[in-house]
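Here is a short briefing to read alongside the coordinates. Take a look at the model first, and then we can walk through it together.

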Amino acid sequence: MIVGDSKPLEEILSMIEGRDKVLVLGCRGCVTVCNVGGEKEVGILASALRIARKKAGLPPTVEEMTLERQCDPEYVEELADVAENYDAIVSIACGVGPQFVSERFRDVAVFPGINTTFIGGALEHGVWAERCQSCGNCLVHNFGGLCPIARCSKSLMNGPCGGSASGNCEISPEVPCVWDQIVQKMSAMGRLEELEQVWPNKNWLTARDGGPRKRVREDLKQ
Amino acid sequence: MKAGSNLEKMLSAGHFAVTGELGPPQGNNVEEVRHKAGFLKGIVESVNITDNQTAVVRMASWAACKILIDEGLEPNYQMVCRDRNRLALMADILGATALGIKNVLCLSGDHQRFGSHPESKNVYDLDSVQLLAAFKKMRDEKKFLNDKDLDGAPELFLGAASNPFADPFEFRVTRLAKKIAAGADFVQTQCIYNMDKFREFMKQTVDRGLHEKCYILAGVTPMKSVGMAKYMAKFVPGMDVPESVVKRLQGVDKKQQAAEGIKMAIEQIEEFKEMEGVAGVHVMAIEWEHRAKEIIEGAGLLPRPVVD
């Protein structure tokens, strides 16, 4: 899923300064699962904004709404009758949400209430870690099912580098060295010799480097 | 004086400046650099040395700049943000100035998709506006981007590019203003063919007083043929070639097209000499360095004034 972090309340307050009517807009997709942008978090953020704005003598009008998904025009359309009633819409979906809302309603000012951090998963309750950089050409089967592009700090395809120590990365003892894990896993599977091949340069055209990406499925298009 | 380069001295003395351009070879052919440089010696203040232009790998710009210095010419070191992060950009400008390079042109750089290695990653750690600000800070505050002191600060005449013909037109002058605010001492424009649009661009520039904060050099590239004009009109992004330019070239015999292209460039320069806010011309005779002299001489700009 896409994982995010709430922005500090002070930052959100300063973004919406001078705007009277505010809508906090949640999403029932990824951000609900990672507990940062669902209906519950909409309620928490809206209350915090009301209290802070009231204290500062500002209009406390902060309303709440949560869409099924903000990354789908069908659901964004549910805002059609109300969007223009607000001086600010604070979206707490991933980075897609504020943009879909902004593109749909040209006169409405939209603000991001969370920082989108990575594509990853939950290691345990309350702990998430990055797993994918969406390079557009998956190679994990060659590396014991673990991704060196997303998880090696240098994205090395022929690691581990000289900075790997006691299973950790040179950037921090808190960061596991994925190449250590790749070697362990390939070794356990009796496939260590596969790592002897020199991996050639990667083609980054399918990644963000090739420009913004778009996918068209002719079989699904109407 | 920021760097005391020949280009800076010429512009600050109020002379109508002339710069040229040279693309390094796709290899380490030193003689090729010297050969092209020979055509430009004595006819321009300084010569832009492109940096992996159109994302095609070539001899490093700083190295070709050094060859020019050894040949008695002054280079404008072009630097693109596509291929280097801030560490490399700062390291390279320190190295370049240590070798005697004084002028630098800060660019974003063409995307690598249509270059010689489209499958590569791009960097864009900084953009061209941020690069100008970084170099201005290194020069004026004698500090790295992280505020640590430099052991020897670069003396630089900072350049930027501007394309009056890209879209949206209403934002082009604002973007130029941003580059000047970030630190540009001089600006070279994209090659100009649509004179009406350029006049409007300069009018807006002068209305905002930007020509008093920065020297603006108008870009000129002579058309070699009808084919080139049609190609540029159709396939080069951000290039504005009006139909009248193509028609005029079509109006002469095929053998006369190159001469007509040079004549058109000379006429443009004559107009730039009189245009408010234009401090000089940047003559980009792409793979046509040996014809640059005809254009500059034809426009009555030779011999070049001497300043000290």
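How many helices and strands does chain B have? Chain B has 11 helices and eight strands, where helices (H or I, at least four residues) and strands (E, at least two) are DSSP runs numbered from the N terminus. Please keep in mind that this is a predicted model: local features need pLDDT of at least 70, side-chain atom pairs count only at pLDDT 80 or more, and totals for chains, interfaces and linings use all residues. Residues are numbered from 1 along each chain as its sequence is written, while chains are lettered from A and ligands numbered from 1 in the order in which they are written.

**Chain B overall**
- The C-alpha atoms of chain B fill a box of roughly 60 × 45 × 40 Å along the principal axes.
- Buried residues (20 or more other C-beta atoms within 10 Å of their own, with C-beta atoms placed from the backbone) form 47% of the 308 residues in chain B.
- Of the contacts in chain B (C-beta atoms, placed from the backbone, within 7 Å) with a separation of 6 or more, 79% join residues 24 or more positions apart.

**Helix α5 of chain A**
- In helix α5 (residues 96–104) of chain A, the buried residues are A:Gly97, A:Pro98, A:Phe100 and A:Val101.
- These residues lie on the same side of α5(A), because they cover an arc of only 165 degrees around the axis (taken from the directions from the helix axis to the C-beta atoms).
- Their packing partners in chain A are β2 (22–27), α4 (73–76), β4 (88–91) and β5 (110–112).

**Where the chains touch**
- Seven residues from chain B and six residues from chain A take part in the contact.

Technical notes: A residue is buried if 20 or more other C-beta atoms lie within 10 Å of its own, exposed if 12 or fewer, and partly exposed in between; C-beta atoms are placed from the backbone. Two residues are in contact if their C-beta atoms, placed from the backbone, lie within 7 Å.
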